Amino acid sequence: MNPFSKLSGEYEKLRELSAQMVIAEALRRKVQVEILDFDEQLIRLHKGKHVEYLEGGTVSTRESHLSNVIVDNKYVCKEIMKEGGISTPEGKRYFEKKLALKDYPLYQNLKVVVKPKTTNCGVGISILESG
């Protein structure tokens, strides 16, 4: 199953009108569109062998800044690496505390690393012992 967001009309919820317009036009042209991260407005367009990444509707892979945005987003970067065959640790992301608590039985006997989505140098990382 693809971990990235399915569109089904969700793209209209993006805060930037330019991103909405790019997605609408891509869909009209039968380009495959994935919203990799709603908050960061990271978008992947795919047609044939060509893939483009966008931040909002204006920053594309032709700008080096986008590489930093993708690498700084731990979840998106990890998923792209997995798609490319690079081994990454298993993980799951949560947006609501109640959903994380619901999954607690999956992790209660494991050592767990909790990371924020976009920090570096170890900031905000917690290591939880089992039990």
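**Burial and the helices**

Analyst: In this predicted model, 30% of the 131 residues of the chain count as buried.

User: In what order do the elements of the chain run from the N terminus on?

Analyst: The chain holds five helices and six strands. Starting at the N terminus, their order is α-β-β-β-β-α-α-α-α-β-β.

User: How far apart are the end C-alpha atoms of α1, and what span should its residues give?

Analyst: Helix α1 covers residues 17-28. At 1.5 Å a residue, its twelve residues should span 16 Å, and this agrees with the separation of its end C-alpha atoms, which is also 16 Å.

User: Which residues of α1 are buried, and within what arc do they fall?

Analyst: The buried residues of α1 are A19, Q20, I23 and A26. Viewed down the axis of α1, they line one face of the helix, because they fall within an arc of 130 degrees. An α-helix has 3.6 residues a turn, so residues three or four places apart point the same way. For the buried residues of α1, then, the arc asked for is 130 degrees.

User: What do the buried residues of α1 pack against, and which exposed residues does the face turned away carry?

Analyst: On the buried side, the packing partners of α1 are β1 (32-37) and β2. The face turned away from that side carries the exposed residues L17, M21 and R28.

User: Is Q20 buried or exposed, and which residues is Q20 in contact with beyond its neighbours within four places in sequence?

Analyst: Q20 has a relative accessible area of 18%, and the cut-off for buried is under 20%, so Q20 counts as buried. Leaving aside neighbours within four places in sequence, the contacts of Q20 are Y11, E12 and L14.

User: Which residue just after α1 takes a positive phi?

Analyst: Its phi is about 60 degrees, and the residue is K30.

User: Which residues of α2 are buried, and why are they on the same side?

Analyst: Helix α2 spans residues 64-72, and its buried residues are L66, V69 and I70. They sit on the same side of α2 because they cover an arc of only 95 degrees around the axis.

User: What covers the buried residues of α2, and which exposed residues are on the face turned away?

Analyst: The cover includes β2 (42-47), β3 (50-55), β4 (59-60) and α3 (74-83). On the face of α2 turned away from its buried side, the exposed residues are S64 and V71.

Terms used
Residues are numbered from 1 along each chain as its sequence is written. This is a predicted model: local features need pLDDT of at least 70, side-chain atom pairs count only at pLDDT 80 or more; totals for chains, interfaces and linings use all residues. Side-chain values use heavy atoms; hydrogens and water are left out. Buried means under 20% relative accessible area, exposed over 50%, partly exposed in between (1.4 Å probe, protein chains only). Helices (H or I, at least four residues) and strands (E, at least two) are DSSP runs, numbered from the N terminus. The arc is that of the directions from the helix axis to the C-beta atoms. Contact means heavy atoms within 4.5 Å. The expected span of a helix is 1.5 Å times one less than its number of residues.
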